[in-house]
Amino acid sequence: MTADTKPHLAYIDNIRILLISLIVLLHLAITYGAPGGWYYNEVRFDDTDTLSRLVYILYNATVQAFALGFFFMISAYFTPASYDRKGAGSFLRGRFLRLGIPLLFQIIVIEPVLIYTLWGKGRPFLKFIGDYVRNARSLGVGPLWFVETLLIFAVLYGLWRLVTKSPASQPRKNTDVPGNMAMAVFALTIGIISFIVRIWLPVGWTNKLLNLQFPHFTQYISFFIIGIVAYRGNWFERLTDKQGRLWLIVTAILLGLFPGLIYVGGVLGGIQSFIGGLTWQSFSYAVWEQFVCVGMVTGLSFLFRKRCNMQGPLAKALSASVYTVYIFHAPVLIFLCLALKNITLYPLLKFVVVAPIALSLCFLLATGIRKLPLARRIL
């Protein structure tokens with residue numbers, strides 16, 4: 001999602017616009033009845049009808065399956081170049097500036113304001129802040145757990161380069177993209193490990209202090225490492241059209257089979273058997289999720305390189321604001337949804353109506369914030 005310098009590949013920038021839009025809409029969907037954790041639920045999943053459940057589960061499961069893993073891969077793809085150019089000290093200082101300051105702003109400003117807005121009314125703000133600090137059991141990173149994780153990964157990468165004494169500048173070598181069988185084995189392996197982790201830590205389990213979602217970290221760690229390897233081998237550019245088309249087909253088949261899987265698995269009566277534990281549903285979902293991730297990463301990389309490898313002024317402005325949208329999308333969604341709370345609509349229809357408004361406001365606000373003098377160096 002973020003890098004010290006703007007990526008030079010137009011289609012990667014366009015993929016980033018798509019990914020952030022999907023994530024913003026995922027959180028909006030939770031507001032209007034989709035399963036998942038979020039600050040504000042106007043409608044709860046248990047109160048939705050069958051059609052809404054099917055639509056929400058398919059959408060959220062698909063986005064969760066690949067969007068953040070893809071973001072970790074993209075972020076990692078541009079990490080070696082930044083380190084090669086700057087060296088260890090400047091690289092780490094830049095990461096603490098670009099990632100650490102937004103994280104602190106989330107903890108100190110955004111999170112307390114959102115909590116007060118939703119649950120602190122009726123109390124003086126200063127008294128609320130005092131109670132909030134005294135009773136805090138977490139850092140309050142909220143959705144910026146992604147930024148927190150990127151910072152941890154960046155530090156670990158910097159330390160790895162120092163320990164291995166890798167030179168400050170390493171030449172890139174064009175190496176072949178892994179074959180389809182290797183990709184399938186990779187997806188199956190991550191799926192099996194994720195299933196094992198979720199026997200004890202089901203989807204939705206979060207470390208309270210850091211707000212890190214460990215049930216998904218097998219994918220996140222794997223794709224961050226793959227992103228670094230992909231940069232050295234120039235994989236984005238060397239991905240063949242044949243391989244890209246194949247994985248698009250595989251992904252389409254997997255998405256088409258998913259409604260049947262969740263229906264047979266009894267998800268309409270509850271999602272517990274899918275999110276963890278020693279069940280065939282949990283195993284199937286974990287493996288399905290990782291194959292979708294590999295398929296989406298491969299297929300979208302091919303498709304966007306082929307069809308969306310250019311940018312006009314609007315696309316350039318949107319891609320430049322992706323990171324800022326992620327940082328500020330939570331307050332935009334919450335204040336917008338609270339403002340529209342008294343408008344009564346079928347929840348799924350309300351989600352569809354509010355979605356373009358929410359996305360527009362997120363990008364408009366992000367564009368304005370990026371013009372502020374202090375924000376220019378960070379965002």
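Visitor: How do the axes of α2 and α10 cross, and within what distance do they come?
Guide: In this predicted model, the axes of α2 and α10 come within 11 Å and cross at roughly 125°. The two helices are therefore oblique to each other.

Visitor: Which handedness does the crossing of α2 and α10 have?
Guide: The crossing in which α2 passes α10 is right-handed.

Visitor: And which residues meet there, in α2 and in α10?
Guide: From α2 come Leu54, Ile57, Leu58, Ala61 and Thr62, and they meet Leu255, Phe258 and Ile262 of α10.

Visitor: What about α2 and α6, at what angle do they pack?
Guide: Helix α6 covers residues 145-163, and α2 packs with α6 at an angle of about 35°, the axes being 12 Å apart. Here α2 passes α6 in a right-handed crossing. On the α2 side the contact is made by Leu68, Phe71, Phe72 and Ser75. On the α6 side it is made by Trp145, Phe146, Thr149, Leu150 and Phe153.

Visitor: New topic: how many salt bridges are in the whole structure?
Guide: A search of the whole structure finds eleven salt bridges. As background, side chains of opposite charge can pair when their charged atoms come close.

Visitor: Which side chain does arginine 16 meet in a salt bridge?
Guide: Arginine 16 meets aspartate 13, with a distance of 3.2 Å from N to O. Both residues belong to helix α1, and because they are three residues apart, about one helical turn separates them.

Visitor: Are arginine 16 and aspartate 13 buried or exposed?
Guide: Arginine 16 counts as buried, because its relative accessibility is 7% and the cut-off for buried is under 20%. Aspartate 13 counts as buried too, at 1% relative accessibility.

Visitor: What does glutamate 42 pair with?
Guide: The side chain of glutamate 42 meets that of lysine 350 in a salt bridge of 2.8 Å, N to O. This pair links distant parts of the chain, 308 residues apart. Glutamate 42 is in the loop between α1 and α2 (50-77), and lysine 350 is in helix α15, residues 347-370. Glutamate 42 counts as partly exposed at 24% relative accessibility, whereas lysine 350 is buried, with a relative accessible area of 3%.

Visitor: And where do aspartate 241 and lysine 306 lie in the chain?
Guide: The side chains of aspartate 241 and lysine 306 meet in a salt bridge of 2.7 Å, N to O. Aspartate 241 is in helix α10 (residues 241-264) and lysine 306 is in helix α12 (residues 280-307), so this pair also links distant parts of the chain, 65 residues apart. Aspartate 241 is partly exposed, with a relative accessible area of 24%, and lysine 306 is partly exposed as well, at 44%.

Visitor: Which residues do salt bridges with shared partners join into one network?
Guide: That network consists of Arg123, Lys127, Asp131 and Arg134.

Visitor: How many residues does helix α8 have, and how far does it reach?
Guide: Helix α8, residues 217-233, has 17 residues and reaches 24 Å from its first C-alpha to its last. That is close to the 24 Å expected at 1.5 Å a residue. Of its 17 residues, 13 are buried, so α8 is largely enclosed by the rest of the structure.

Visitor: What follows α8?
Guide: Asparagine 234 follows α8, and its phi is positive, near 60°. Asparagine 234 is located in the loop between α8 and α9 (235-238). At 16% relative accessibility, asparagine 234 counts as buried.

Visitor: What is phi of asparagine 211?
Guide: Phi of asparagine 211 is near 60°, a positive value in a residue other than glycine. Asparagine 211 is found in the loop between α7 (180-200) and α8. With 24% relative accessibility, asparagine 211 counts as partly exposed.

How values were computed. Residues are numbered from 1 along each chain as its sequence is written. This is a predicted model: local features need pLDDT of at least 70, side-chain atom pairs count only at pLDDT 80 or more; totals for chains, interfaces and linings use all residues. Side-chain values use heavy atoms; hydrogens and water are left out. A salt bridge is a side-chain nitrogen of Lys or Arg within 4 Å of a carboxyl oxygen of Asp or Glu. Helices (H or I, at least four residues) and strands (E, at least two) are DSSP runs, numbered from the N terminus. Buried means under 20% relative accessible area, exposed over 50%, partly exposed in between (1.4 Å probe, protein chains only). The expected span of a helix is 1.5 Å times one less than its number of residues. Axes are lines fitted to C-alpha atoms, for helices over the stretch in contact, and angles run from 0 to 180 degrees between N-to-C directions. Angles under 35 degrees count as roughly parallel, over 145 as roughly antiparallel, 65 to 115 as roughly perpendicular and the rest as oblique. A crossing is left-handed if the near helix is turned anticlockwise from the far one by less than a right angle, and right-handed if clockwise. Contact means heavy atoms within 4.5 Å.
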